[in-house]
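Please open the model in a viewer and display it as a cartoon.

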Amino acid sequence: MGGLVEGDDHLPAEVVGKWVKDKHDLLCRYIDITRAARSKYLPPDNTGGAAYIDLFCGPGRCFIEETGEWADGSAVAAWKQSITSKTPFTRVIVGDADPERLAACVTRLKALGAPVFEINGKAKDTAFRARQGAPVYGLNFAFLDPYNLQTLDFSVIETLAKIPRIDIMVHVSAMDLQRNLDTHLNNEESAFDAFAPGWRNVVKLGSQARTRESVFSHWRDIVGQTGAYTSDDVRLITGSKNQRLYWLLLAAKHELAHKFWSIISKKTDQGSLDL
């Protein structure tokens with residue numbers, strides 16, 4: 001989680017790396033490519049609705065330190081893209097553990113006319129309320145963008161996956177898995193217990209690469225057991241020195257969602273998952 005500075009609109013903004021542009025580009029491209037599917041749930045032809053869910057929303061504005069640029073945060077970018085794609089979400093459900101960040105995001109969204117439903121608290125505690133707030137007969141989309149593995153509590157995905165029609169784009173911290181592997185393996189209360197419950201019974205210890213692969217594979221398996229199976233295509237986001245930062249992937253129940261993700265996540269120089 002980056003520090004806060006005064007934004008160009010005088011509200012708090014988060015200091016981020018320039019790789020946020022890659023992440024938000026994929027987010028917006030997914031919202032755009034699913035516009036025809038979403039339109040079938042929107043008025044005037046349908047009243048099912050379509051919610052956007054972001055339980056790590058941050059303040060809604062970013063300052064890219066390396067370049068001095070300002071950029072929209074995920075929830076603001078998502079709302080704007082839905083407008084541009086002419087299929088606006090009927091509800092924007094945002095949450096954050098930090099009330100200051102949440103308040104700034106809500107203010108920015110409301111200024112843009114977004115139908116906001118706000119929830120303050122950790123994602124593991126707000127996921128159920130988000131699920132209750134999502135239209136039962138709608139087409140819903142969640143973006144989970146935590147800053148480490150422990151914050152990506154498996155219960156969040158498990159809860160959201162109970163929404164009948166939902167696609168979930170997930171940020172999994174490759175940096176945390178690599179840098180803190182030994183700590184997570186050896187601590188009595190491990191971050192892996194929240195991220196990938198049951199890992200102690202199935203993870204095969206070996207080289208660091210093999211162990212990381214086993215943890216990640218177990219996580220994908222248990223996500224799939226919710227009915228929202230993970231995409232074969234995994235997009236690796238790297239830093240300015242080509243260091244591995246995180247993976248973006250999709251968890252979804254419908255094959256069409258995975259087809260869309262496969263189209264937008266391809267990158268010719270991306271290479272393999274490379275754990």
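In this predicted model, begin with helices α1 and α3, which are roughly parallel to each other because the angle between them falls under 35 degrees. Select residues 20–33 for α1 and residues 74–84 for α3: the two helices pack at an angle of about 30°, and their axes lie 9 Å apart. The crossing in which α1 passes α3 is right-handed.

Next, show the side chains at this contact. On α1, select H24, L27, C28, I31 and D32; on α3, select S74, A77, A78, Q81 and S82.

Four strands form an open sheet with mixed pairing, and their order is β1-β2-β4-β5. Select residues 4–6 (β1) and 69–72 (β5) to see the edges: each of these strands has a single partner strand, so one side of each is left without a neighbour in the sheet. On average, neighbouring strands of this sheet are turned by 40° against each other, direction ignored.

Within the sheet, select β2 (residues 12–16) together with β4 (residues 61–64); this pair runs in the parallel sense and is joined over 3 bridges. Which residue of β4 is the bridge partner of V16? Selecting I64 shows that partner.

Note on methods. Residues numbered from 1 in each chain as written. Predicted model: local features only at pLDDT ≥ 70, side-chain atom pairs only at ≥ 80, totals over all residues. Heavy atoms only, no water. Axes fitted to C-alpha atoms, helices over the stretch in contact; angles between N-to-C directions. Parallel < 35°, antiparallel > 145°, perpendicular 65-115°, else oblique. Left-handed = near helix turned anticlockwise from the far one by under 90°. Contact = heavy atoms within 4.5 Å. Pairing = 2+ DSSP bridges.
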